[in-house]
Amino acid sequence: MSETVVNIHEAKTHLSRLLARVEQGDRVVIARAGHPIATLEPIRDTRRPRVPGRDKGLVVIGPDFDDPVPEWDPDYMHPEDPLREDRR
């Protein structure tokens with residue numbers, strides 16, 4: 001992996017060429033008046049491959065997970081609740 005130092009004007013003018021070099025593994029340092037201010041470098045893929053069942057046992061679904069929610073069931077609503085009639 002090589003490293004190249006370029007000034008801001010050169011980086012703006014030749015961005016496509018610099019990115020092509022970065023894709024090949026080079027590192028480009030962008031400098032202002034000779035002082036480094038930024039780097040262009042390849043992104044390393046740090047994702048792990050998906051493994052089926054890796055989270056097994058971490059999620060628990062109760063036996064009543066699909067039961068009606070009482071506050072939305074008109075039979076459980078207070079008789080004075082204005083939404084009671086809308087739910088029938």
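Student: In which sense do strand 1 and strand 2 pair, and over how many bridges?

Tutor: Strand 1 and strand 2 pair in the parallel sense over 5 bridges. Two strands count as paired if DSSP finds at least two bridges between them; helices (H or I, at least four residues) and strands (E, at least two) are DSSP runs, numbered from the N terminus. This is a predicted model, in which local features need pLDDT of at least 70, side-chain atom pairs count only at pLDDT 80 or more, and totals for chains, interfaces and linings use all residues. Residues are numbered from 1 along each chain as its sequence is written, and side-chain values use heavy atoms, with hydrogens and water left out.

Student: Which residue stands opposite glutamate 3?

Tutor: Arginine 27 in strand 2 is opposite glutamate 3.

Student: And how do strand 2 and strand 3 pair?

Tutor: Strand 2, residues 27–32, pairs with strand 3 in the antiparallel sense, over 5 bridges. Valine 29 is opposite threonine 39 in strand 3, and the bridge partner of alanine 31 is proline 36. In the hairpin of these strands, with 2 residues between them, alanine 33 takes a positive phi near 55°.

Student: A change of topic: is aspartate 26 buried or exposed?

Tutor: Aspartate 26 is buried, with a relative accessible area of 15% (buried means under 20%, exposed over 50%, partly exposed in between, with a 1.4 Å probe and protein chains only).

Student: Where does aspartate 26 lie?

Tutor: Aspartate 26 is in the loop between helix 2 and strand 2.
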